[in-house]
Structure formats: C-alpha cells, structure tokens
Amino acid sequence: MKHTVSLLLCGLLLLCLSGCVKEEKIASWQNEPNLLAVLADEEEISREIVAHLYEKMHEFEAASLNMGLSWQSPQEKNREGRLQALAGSIAQGAKIVLCVGSEYDTVVHEAQERHPEIMFLLLDGEARAEHSQLYESLPNTHCIRFQQSEAGFLAGYAAVTEGARKLGFCSGVSNEDMIRYAYGFLQGADAAAAALGLVTGDVLLRFWYAGEEDLAEGLRRQMEEWQEVEGLDLVFICEGKGLAIAEESIQTAETLGVDVILGESLYTTDSTALLCTVEKDYGRAAEEALLRLAGNGGVWDPGQAGRTATLGAGEQLSLKGRGQEWPFTQLGQAEYNALVEQMRRGEIDLEKSGNSELLPAFSICTVTE
C-alpha cells in the first residue's frame, strides 16, 4: 500500500493520517528531488513517522532539504514482499528510503548494493546478508538501534516497585531483540526487589515465547495458566507492533485482574489494565538523522555512513503512560530519571548480548519457564 504526500496538501495529509484515505496517491512527486519513502510492516508506524517529519518540515527546508514524503506497507509480509515494496518506492522516485524493523535487515543489505545512489536509513535494525549474523552497512546506509535491555530494565523495575510480585514475560519469538527485553526485565525486577529489601523467592518471573503457536490464543492460554497455577500480577508483552494482539491481551488482562506493560506497541486505551508502554520515538530519531544528512549535502556524514547508532533510555526510548499522565504511583519521576542517568553513565551493568544461553545474574527473583 503506497501513500505519497505533497507539502502543499496539509488537509489531505491530516485526512490520510486519521485513516480516512487508504489506497489513493495524494499527489505525484516523481519530479521531487528528495522524495523520502517510509517502509514498515505496520502502517500505523509509517504514518506516525510521516506525521512527525511533516511537522518538522520547516527545519528540513531551512537545512536546504526540500523533501516529499511517502509511506508504504508491503502487501506480503515476507522478504520478497518487502523487496518489492522497496523497489516500488525507488521506481516512484525515492532518493531516501527509511525502513523500520529487523525484518528489513537483509532487505536493506541487498538494496544498498543495488542502489548506491540511494540513502538508506534503517531504524530498529542493522543491515546484514541473508542467512548471516554479520552486520555490514555500506556508506549509503545508516542504522539506528535501540537498547531493548535498558527498556526491559525500566519495565521490570517499575513492575516490582509498583507492587507486582508474580511476573510474566511473553513474546511471539525468542530472537535477540526479545531476549534483550526479557533479560532486561529480569535484571530490572531483581534490582527493584533488592532496593525494596525483598528476599529470595519474593518475586517470581516466567518466560513464554509463542514460536509456532498462534500468538493471540497462546497469550490468553498462558496468562490464564499462570494465574491459575501460581498467580499473576503483571505481564510484559513484547510482540512488536500488532494492535490486534495488544487489544486482545488487554481484554484478557482485564478479565484476570492483571496489569500489562506493552513493548513497542502503538496501541492506546483508557483501560487501567495497561500500566505503561515502551515507546520508541522513531519520528524524532529519524528527524535527527535526516537533519545531519541535510547538513552534509544530502549524504550521510562520516559519523553516519556505514555506521550504526545505538539509542538508550532517555534517547527516544522511554516508558509512557496513558495520555500525558505519569503512569506510576510508587515509582517517582525523580527515581526513574536517576535510573536513566545511571544507565547513560554505564553505572548499571546489564547483560545486553541477546544470547538466550547467557542468563544474567540475579539474586532475589525466582525464574521458571
């Protein structure tokens, strides 16, 4: 699904961002010298990034980057579908291609070689060859990753500080990103337990990954099982960006009387079952990277070209409550900020490898599968 926006058509943009315009091209930018195409599997993410960049357009213009915006979601959520979507964007005149998610790692790796004249920005991923774990970005590619371990730590710390003692972590897959969330969650829960003076056995943490099982059904079943067998106070659900999964999980949590922390979800609700959400500010991360590109004549500068930036807590990565309100009653803003600053200075030692075989050190939590 392809969407293109003219800077002169503000009204149509707002309609499109609200979901009123679906299939139509809003305007042709084939003659636009700097068309930026945003590709993500979930359309909501693409629209969020485009909306943010649109609001900052005057800054790009001041930096001599006159830029059109388009966004697209691949029809087929697989590698070939993503390659086709990317190729379509370039055929439509895109000079800058922004992709979101590790699903695009191998897509960008292949495209950067085919199109050295195109600037690629990969958010939440890193270019690598198919069937390889060796990351390799060319000078026309800049990657930005987020410290999932730090977000997981904050989530675990908040959960225990808010009074949760029976915890669960759920994800659809057990890849490196999800392991970082899971083990960060464990380390944060253990740190909060120590700070509160709890003793071994006071906090129980269980992990579950769907694998081949239907995610929605598996989440519901697992939450019910945990609640029935040993009790469940809070579950940290890290299943990418799917809004339907988030909604079903919140409904199950309401039924069970369980709190939820959502990872990487754009889902919004007034339900008190949602304690907070891990927020990655893709829009601001893209904005800052693109302003540097603009200031370097439309190509990545030496600090970006072929390089990967890593953003941690406090750098477009945070816990967000419902609306604008502070989501916690026991964890104060000052204590939260102090944790973020400690991580920024490297004073909190976190296991960040994403290796499922390297369970981090903990002293108070009891961990079961």
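How much accessible surface does the protein chain have, and what share of it belongs to carbon and sulfur atoms? In this predicted model, the accessible surface comes to about 15800 Å², and 47% of that belongs to carbon and sulfur atoms.

The protein chain has 369 residues, of which 54% are buried. Take the contacts in the protein chain with a separation of 6 or more: residues 24 or more positions apart account for 72% of them.

Two packed helices are described by the angle between their axes and the distance between the axes. Here, helix α2 (residues 43–55) packs with helix α10 (residues 282–295) at an angle of about 50°, and their axes are 8 Å apart. The two helices, α2 and α10, are therefore oblique to each other. The crossing in which α2 passes α10 is right-handed. On the α2 side, Ile45, Ile49, His52 and Leu53 take part, and they meet Tyr282, Gly283, Arg284, Ala286, Glu287 and Leu290 of α10. Sorted by kind, the residues of this contact are 6 nonpolar, 2 polar and 2 charged.

Finally, look for Ser64, which sits in the loop between α3 (57–62) and β3 (68–72). Ser64 has a relative accessible area of 64%, and because exposed means over 50%, Ser64 counts as exposed.

Definitions and conventions
Residues are numbered from 1 along each chain as its sequence is written. This is a predicted model: local features need pLDDT of at least 70, side-chain atom pairs count only at pLDDT 80 or more; totals for chains, interfaces and linings use all residues. Side-chain values use heavy atoms; hydrogens and water are left out. Axes are lines fitted to C-alpha atoms, for helices over the stretch in contact, and angles run from 0 to 180 degrees between N-to-C directions. Helices (H or I, at least four residues) and strands (E, at least two) are DSSP runs, numbered from the N terminus. Angles under 35 degrees count as roughly parallel, over 145 as roughly antiparallel, 65 to 115 as roughly perpendicular and the rest as oblique. A crossing is left-handed if the near helix is turned anticlockwise from the far one by less than a right angle, and right-handed if clockwise. Contact means heavy atoms within 4.5 Å. Ala, Val, Leu, Ile, Met, Phe, Trp, Tyr, Cys and Pro count as nonpolar, Asp, Glu, Lys and Arg as charged, and the others, Gly among them, as polar. Buried means under 20% relative accessible area, exposed over 50%, partly exposed in between (1.4 Å probe, protein chains only). Accessible areas come from the Shrake-Rupley method with a 1.4 Å probe; for residues, only the protein chains shown count as cover.
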